[in-house]
Amino acid sequence: MAVNNITRLLDSRGIRYQALQLPAQKSGAKETARLLGVPPGLVYKSIVITRVTPGKRILAVVPGDHEVNLKVLAQAVGEKKVVTTTQKEAEDLTGMQAGGISPLALINRGFEIVIDGSALTHQEIYISGGERGLSLRLRGQDLLNLTGAAAAEISRIPR
């Protein structure tokens, strides 16, 4: 089993999870879902968002078959406008590789975390374990509690 700071955090808090090893390559949420044999709506991806005005960066966590609704997200965080970052900007801001960005690795690291409310409607969801090739299955409520995130309906099916 993979052991890293995230799995140690989960273990120390007594959070039930399952670590799943996949090929250590950049995989999007849909590819990860295919490899895990689960619907893409259960694999949540982390999208780095910046404010137009100064303030905390935002990490939006949404289902793999959805996209962030920037207008709704901006309202949820009290902004008029927010913008997505490029892959390079996301990697620079988080210190993690795209495909391995995890909300659990960004606790107390200057990010406001917003998780799509749909995560609370599933028994369990899948998120990145903080490195490429590591996925974690856990309860959405546990993710919300651990990260101190807000839950809001911030995603939509792509047009």
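In this predicted model, Arg-57 sits over the face of Phe-111, 4.7 Å from the centre of the ring.

Let's move to the nonpolar interior. In soluble globular proteins, nonpolar side chains tend to be buried together. Here the largest nonpolar core has 29 residues, and the members that touch the most others are Leu-10, Leu-59, Leu-104, Ile-115, Ile-127 and Leu-136. A second, separate core holds 11 residues, among them Ala-60, Val-62, Leu-73 and Val-82.

Leaving aside residues up to four places away in sequence, Ile-127 touches Tyr-44, Ser-102, Pro-103, Leu-104, Leu-134, Ser-135, Leu-136, Leu-138 and Leu-143.

Now follow the strands into an open, antiparallel sheet of three, ordered S1-S8-S7. S1 and S7 are the edge strands with a single partner each, so one side of each has no neighbour in the sheet. On average, neighbouring strands here are turned by 30° against each other, direction ignored. S7 and S8 run antiparallel and are joined by four bridges, and Ile-125 stands opposite Leu-138 in S8. Helix H1 packs on this sheet, where H1 touches S1 and S8 and makes an angle of about 20° with the direction of S8.

Finally, look at Ala-152, which belongs to strand S9 (residues 150-152). Ala-152 lies 76 residues from Ala-76 in sequence, yet their C-alpha atoms are 7.0 Å apart in space. Beyond its sequence neighbours up to four places away, Ala-152 touches Ala-76, Val-114, Ile-115, Asp-116 and Gly-117.

Terms used
Residues are numbered from 1 along each chain as its sequence is written. This is a predicted model: local features need pLDDT of at least 70, side-chain atom pairs count only at pLDDT 80 or more; totals for chains, interfaces and linings use all residues. Side-chain values use heavy atoms; hydrogens and water are left out. A nonpolar core is a set of buried Ala, Val, Leu, Ile, Met, Phe, Trp, Tyr and Cys residues joined through side-chain atoms within 4.5 Å. Buried means under 20% relative accessible area, exposed over 50%, partly exposed in between (1.4 Å probe, protein chains only). Contact means heavy atoms within 4.5 Å. Helices (H or I, at least four residues) and strands (E, at least two) are DSSP runs, numbered from the N terminus. A charge sits over a ring if NZ of Lys or CZ of Arg is within 6 Å of the ring centre and within 35 degrees of the ring normal. Two strands pair if DSSP finds at least two bridges between them. Axes are lines fitted to C-alpha atoms, for helices over the stretch in contact, and angles run from 0 to 180 degrees between N-to-C directions.
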